[in-house]
Amino acid sequence: MKVVSLVGARPQFVKEAMLNLSVRKTNAWNHILVHSGQHYDANMSDVFFDELKIPSPDHYLGVGSGSHAETTAAVLVGMEKVLFAEKPDALIVYGDTNTTLGGALAAAKLGIPVAHVEAGIRMLPRNMPEEINRVTTDHLSTVLCCCSEAAQQTLFNEGIHSGVHVCGDIMYDVYLHLEHLFDPKSICEKNNVVPGTYVVATMHRNYNVDDKQSLKEIINGLVQLQEMTNLRVVLPLHPRTRKSLEKYSLLPLSEQLCLINPLGYIELMSLVLGSKFVITDSGGLQKEAYYAGKRCIVIMPDTGWRELIATEWNILCPSSGKMIIQQIELLNKPLKKSFGCYGSGDAAEKIINLLIRSLT
Ligand code: UD1
């Protein structure tokens, strides 16, 4: 059996790492890895392949950055060629990026079964690029691997019944697998912060960083947070966010925060472990904060990880600086972490078994 796996953006490298390892360990199938090239900077791509020990991709599409149409179309065209050449039994895609949608479309048009890892996640606004990618990919897929019962139910509600299974979150597998390498002390020393006295913040969503007013409000909120709480805000800057800060002349304001370059997986998890709490609009980091036992303010109007909002472990905060400050009060409320929202760390194994069962 031959399976092609497609990655292209940071969270997909993390998910692939675990699946790739499990496939190699069990000799489950002939695994062909494709990198779309949507993320291409060394600190957005190579660092993940190196530290997560992901084998070099068999194909690199080199799509780079561009408009949504340009990147999605480049993946579609590139993947069609790869799928023609490789003739796989299935294509695995992850999450919600333009890479995900381009790959799913190429395979579906060729009649190749698509397995979607992280299926059934929905969040508002409906016109968010990632939401369009998620919904469309789910409806093109034949095997749908859900992180939770809620995600499975979402697919049932949309009339998708066949091929839907709860496998748990593969990002939890990765977290458990690499937990012994996390080193908060070293990363804190490197960035001149003291464990327990800082907050990790990240943002990259279009509605947070492409609009000058929204970005300014968030940065203002983080600066105020520093002043009010004596906590330092450490902000690993996504290249898209850095470009916006430059474009809107917001760099001087944001330099009051501790701005650092994007981090690889192990360094970011180490930084989170040493932090007081997390503020983010990243889908992956919301869950990773939970795995690390850190509460999280989610600067989004909605999130797909509703279990974490329902347990009040994470707090939803539409992007306004004032609201970020108000929500911090809520973080002082003592909470018992409810374990097991996203499986037990064996998602990779479940996905592999499911795919084998579905295809043979
Ligand atoms: C993408 C995904 C998002 C995911 C995120 C993880 C889509 C629509 N969005 O968002 O779901 O959560 O990845 O990080 O696919 N850039 C660089 N170097 C790079 C990569 C990007 O400079 O290596 C800059 C470019 O200016 C680019 C911009 O960042 O235009 C945005 O990159 P893009 O891949 O389009 O979207 P992300 O914001 O990274």
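Modeller: Two strands pair if DSSP finds at least two bridges between them. Please keep in mind that this is a predicted model.

Colleague: How many bridges link β2 and β3, and in which sense do they pair?

Modeller: Strand β2, residues 30–35, pairs with β3 in the parallel sense over two bridges. One of the residues involved is V34, whose bridge partner in β3 is H59.

Colleague: What holds paired strands together in general?

Modeller: Strands of a sheet pair through backbone hydrogen bonds, and the pairing is either parallel or antiparallel.

Colleague: And over how many bridges do β1 and β2 pair?

Modeller: Strands β1 and β2 pair over six bridges, in the parallel sense. Within β2, H31 is the bridge partner of V3.

Colleague: Is β2 largely enclosed or open to the outside, and why?

Modeller: Strand β2 is largely enclosed by the rest of the structure, because five of its six residues are buried.

Colleague: Now to the ligand. How many residues surround it, and which are the closest?

Modeller: The ligand is surrounded by 19 residues, and the closest are Q38, H39, Y40, H238 and K243.

Colleague: What polar atoms lie by its oxygen and nitrogen atoms?

Modeller: An N or O atom in the side chain of H39 is 2.7 Å from an oxygen atom of the ligand. For D41, a polar side-chain atom lies 2.9 Å from a ligand nitrogen atom. In the case of N98, a polar backbone atom is 2.9 Å from an oxygen atom of the ligand.

Colleague: A last topic: how many disulfides are there?

Modeller: The structure holds zero disulfides. The cysteine sulfur nearest to that of C147 belongs to C146 and is 7.6 Å away, whereas a disulfide needs two cysteine sulfur atoms within 2.5 Å. C341 is in no disulfide either, as its nearest cysteine sulfur, that of C147, is 11 Å away.

Colleague: Are C147 and C341 buried or exposed?

Modeller: C147 is buried, with a relative accessible area of 3%. C341 also counts as buried, because its relative accessibility is 19% and the limit is under 20%.

Conventions. Residues numbered from 1 in each chain as written. Predicted model: local features only at pLDDT ≥ 70, side-chain atom pairs only at ≥ 80, totals over all residues. Heavy atoms only, no water. Buried < 20%, exposed > 50% of the residue type's maximum accessible area, 1.4 Å probe, protein only. Helix = DSSP H or I, 4+ residues; strand = E, 2+ residues; numbered from the N terminus. Near = heavy atom within 4 Å. Polar contact = N/O pair within 3.5 Å; in protein donor to acceptor, adjacent residues only side chain to side chain.
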